[in-house]
Amino acid sequence: MKTNRREFIKISSMGMGALALATTPVLGWVPGFLKDDYTNPDDSKAKRYANYCEVCFWNCAGWVYTDEKDKIWKIIGNEDDPHSNGRFCPRGTGGVGMYNDNDRLKTPLKRVTDESGKQTFVKISWEEAFDTIAEKMTEIKDNYGSESFALFKHGSSGKHFAQLLKAYGSKNIAAPAYAQCKGPREEAFKVTFGHPLHSPEPLDIRDTKCLVLIGSHLGENMHNGQVQEMSEAIGKGVNIITVDPRFSTVASKSKFWLPIKPATDLALLLAWIHVIINEEIYDQKYVEKYTFGLESLKKHVENYTPEWAAGITTLSAQDIRDTAKEMANASPAVIVHPGRHVTWYGDDTQRLRAVAILNALLGSWGRRGGFFMPEKAKLPKYPEPKAPKPKWSWRDISPGKYPLAGTGVTNLLIDASHPDYEGDHKIKAWFIAGTNLIASIPDIKRTLDALNNQEFVVVVDTMPAEITGYADIVLPECTYLERYDSPRLAQHREPNIALRVPAAEPRFDSKPGWWICKEIATRIGKGDFFDYKDFSEVIDWQLKQVGTSLEEMKKIGVKKLNRKYDDLYFLEDEEIEFHTNTGKIELYSTTMEANGFDPMPKYTAHQESSEGFYRLIYGRTPAHTFSRTTNNPNLTALKAENDLWVNPKVASEWGFKNGQKLWLQNHQGKVSEFPIKIRITERIRWDSVFTAHGFGRTDKRLTRGYGRGISDSEMVSDVKIDKETGSTGMRNNFVTFLTEKPNTAKKES
Amino acid sequence: MRYGMAIDTRKCVGCADCVVACQTENNIPIGYTRDWIAELNEGTYPNLHLEIRSERCNHCENTPCVRTCPTGASHIILGGIVKVTHEECIGCGACIQSCPYDARYMHPDGYVDKCTFCDHRVANGQEPACVSVCPTHCMYFGDLDDPNSEVSKVVAANKIKTLAPEAGTKPQIFYLV
Ligand code: SF4
Ligand code: SF4
Ligand code: SF4
């Protein structure tokens, strides 16, 4: 058999023919290379600069190499970094594409309206941009109070903008990373163990004997350290249990794959709890010593038998029992993975509570091969004046709503910005830093209605994204490869500090976030909150307080510190006071009860698909993070568009051919902007379809991303809100197929 | 001395970091690639099997590509690494046709290009770029003639296969299955 490279191309790359058509070979280094004779840049002649990756939240530390011509050449992991162990994922390696992308935002832009009412963006100077912003900020403050200015942020430079808002007097700050991602998980673990998981999750995967993935497609989401440790664990013979309606990559590496009916996960979790309690295979000593509420829980799950769950999940009762025993056999070296993007059905805090309870019964919290106790480096705060105290914050928008929300809820800010909001805490202006709200927050229409109700909107980003089209002022930020930011301090087994320094001058007229914020602050009379000439002074000052310096860190990139506090795992028979009301791990949650929620998770059935409709499941593909990567030249060369996974039975019922292009329509009538190619595959259940997140870009300035595949976010109009945290459940949307795009133009006119 | 690789399909997740790293390390123009991922899926839902692996030139012991090259541009260097001298290549594409693995491509500058096993790195004692970046550590590179090299040990200790053995090319890349 001739191994056909073209087949790969279908799966993982565009192929040469397609690419020759699709790419504009205008990257800085390509023409230079084409002229020169073939020579490999030489590591010994290259310079390298410390950085940590900004392509996803994992923030792997590495080295950015520049060649003899001082052009950014490659990015390689830093071997001393516990988060990356010297190895990046494809997105991090392909981070050079963010720098080279010629579609980047190049200059500040301002929205202008001509006499005929037509709106366009015109290029303006930084001076003019800052003056306009300062003027508007003063106006908003005078008219409504500074609290009426909100910030939506993501990533490292978000910190500078949060500092700006703090100086200005607003705490209305939120990131989609909470209510559109891990919010319910954080609160569920907090009420159970007294501690949220934070990021990266302290999972001791390398030493685990049993890894249970329910709602995690590790290996397709390239959460680097976890993928690395999973691979190490596979080498040591770990047993993996994967629960997924799709035969994911990791399902293919699992001892058990449970092809569950989507939206029934909580039934399976409760049945597992039932088996583990009733067969008395939980960690008895641990549960007795550390937990609260076993007897109530036992009674609560009495009827949640495997047979009951089998009827709901379409799994066999035997498989449910066998997998429960598999976990118990490995206990305490077992991890029921908490997942990350957990905002699915609107009862997500309860589902994650079940995950937390299961881990508690298995004794995995604080144990080798389970959850380790992470530690984080601390840097003292750079001196600054006392900030004004805002009169209200996002918590006051709808008092009493979402009592468990631990940090800003984006959709609450959107509520307060919406014309239908009747409360006293209206939001009138938005700063949006590094997050494409159109793709990250579901119910796009509501976001746009809120946006259009604003008096002023500023978007700061490196790339034109859908959201930039709605701004009054657009500010081009330089990429993480061209700027200083605060050192990364994220938790791990050992506390550590990772440095970011620029490896090249910012391209075009883009500028670092810290500089943008400092300039704005100065113009609104708050320059003393940014009391430095260059942000490197702040970094150096902070580093010197902990016994290192910018100079030292430039050489090493990452510094590991000694653990100050507890041990990595609980000691034998250690007395532990958990940060819960009872001081114990709460199987029965007193916090949930006090807030009027079920103290123990109950199963509720979710909406099911009707004839001809399929549940839309979305996820990751290894080469992309989200809309921020879908125009990257290196990464679109790996995967340029998403496809829709359709079971062959479904395809034959509809008479579809592989690769055929279809439009999708959801159960509320929403039709996709673009068509998507279908991939007919046995790897997906017949009641669901799957696609990768982040594609189907609608901004024409994105020459590689525009019109490539569909945006799953666009298909998520039916949002189920999690009562505890306000998070937005997005997996309750069902789609059907259209072979032609319906003529929507008529309806709109 | 015979350089070779072992690639563990049980660990590979198909992330294609090897592909991007090869492209940046070797300045491969965007849209072309020396290595790639193959996914092979078998069975019907829910009884499925999936193999994922990273592929590139097999640096075969028996090389149809070198035999068919009319100018001698395709040649074998020390350690069995199959290379193309770009200046001598006339871009006729005979080698591309003869390779059973589709491992060669026509560079936009008019010559044939392919995996070099990163000999420029190997000469400096570094591992090939793709091997050195893989987040799953699924690739091993080294001297197959040395029974104590890691790659030899991995090949000896595991169930292995090569691609298209029937082509008789004697590949030097071994897949752990
Ligand atoms: S996991 Fe990948 S994208 Fe995320 S920070 Fe690490 S290298 Fe960058
Ligand atoms: S894989 Fe193809 S190009 Fe490489 S040595 Fe074998 S025949 Fe030649
Ligand atoms: S050995 Fe080097 S040239 Fe060959 S595929 Fe790997 S990175 Fe590319």
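Guide: Let's start with a term: a residue is near a molecule if one of its heavy atoms lies within 4 Å of it. The model is predicted, so local features need pLDDT of at least 70 and side-chain atom pairs count only at pLDDT 80 or more, while totals for chains, interfaces and linings use all residues. Residues are numbered from 1 along each chain as its sequence is written, chains are lettered from A and ligands numbered from 1 in the order in which they are written, and side-chain values use heavy atoms, leaving out hydrogens and water.

Ligand 2 is surrounded by 13 residues, and the closest are Cys57(B), Cys60(B), Cys65(B), Cys99(B) and Arg104(B).

Now for the domains. An automatic or database domain assignment divides chain A into domain 1 (185–373 + 582–594) and domain 2 (614–738). In contact (heavy atoms within 4.5 Å) are 27 residues of domain 1 of chain A and 26 residues of domain 2 of chain A.

What do these two domains share? Between them they bury about 2,000 Å², 56% of it on carbon and sulfur atoms; buried area is the accessible area (1.4 Å probe) that two parts lose on being put together, summed over both.
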